[in-house]
Amino acid sequence: MKLLGNIIWVVFGGLFMSIGYLISGLALMLTIVGIPFGWQVIKLGLLALWPFGKEVKNGNQVAGCLSTVMNLIWIFIGGIWIALGHAIFGAIFYITIIGIPFGKQHFKLAHIALTPFGRKIVNH
């Protein structure tokens with residue numbers, strides 16, 4: 001079922017969304033300061049390409065308050081807009097019964113898009 005959901009997701013917009021994330025991540029990596037943010041956008045892009053069967057968990061908090069500071073900077077750079085976009089698409093998909101699994105994936109993407117630092121993506 002995960003494979004079928006991922007194939008439908010990729011065909012109906014997941015591929016374009018992922019390409020957008022990857023291009024944005026590479027653009028952020030052009031500057032030295034943007035490299036950590038670029039990695040987070042690429043992480044979002046890979047999750048946006050194949051989201052079914054993956055879960056977002058809190059990672060190892062070895063970095064201490066650095067992830068909190070990076071998340072605060074990230075929210076102001078663009079994380080709030082990415083998360084808001086996914087939340088809107090999630091709400092639209094939840095209107096129909098058949099779109100509920102896709103809405104759930106958009107809410108998962110919104111969750112990691114808001115605060116990506118200190119999180120890791122694991123397979124079920």
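**A residue and its surroundings**

Mentor: Tyr21 counts as buried, because its relative accessibility is 8% (buried means under 20% relative accessible area, exposed over 50% and partly exposed in between, with a 1.4 Å probe and protein chains only). This is a predicted model, where local features need pLDDT of at least 70, side-chain atom pairs count only at pLDDT 80 or more, and totals for chains, interfaces and linings use all residues. Residues are numbered from 1 along each chain as its sequence is written, and side-chain values use heavy atoms, with hydrogens and water left out.

Trainee: Where is Tyr21 found?

Mentor: Tyr21 belongs to helix α1 (helices are DSSP runs of H or I with at least four residues, strands are runs of E with at least two, and both are numbered from the N terminus).

Trainee: And what is Tyr21 in contact with?

Mentor: Leaving aside neighbours within four places in sequence, its contacts are Val41, Leu44, Gly45, Ala48, Ile82 and His86 (contact means heavy atoms within 4.5 Å). The C-alpha atoms of Tyr21 and Ile42 are separated by 6.1 Å, although these residues are 21 apart along the chain.

Trainee: Which residues of α2 are buried?

Mentor: Among them are Phe37, Val41, Ile42, Lys43 and Leu47. The cover over the buried residues of α2 includes α1, β1, α3, α4 and β2.

Trainee: What about Lys43, then: which contacts does it have?

Mentor: Lys43, in helix α2, is in contact with Ile112, Pro116, Arg119 and Ile121, leaving aside its neighbours within four places in sequence.

Trainee: Changing topic, is Ile8 buried or partly exposed?

Mentor: Ile8 counts as partly exposed, because its relative accessibility is 31%. Ile8 lies in helix α1.
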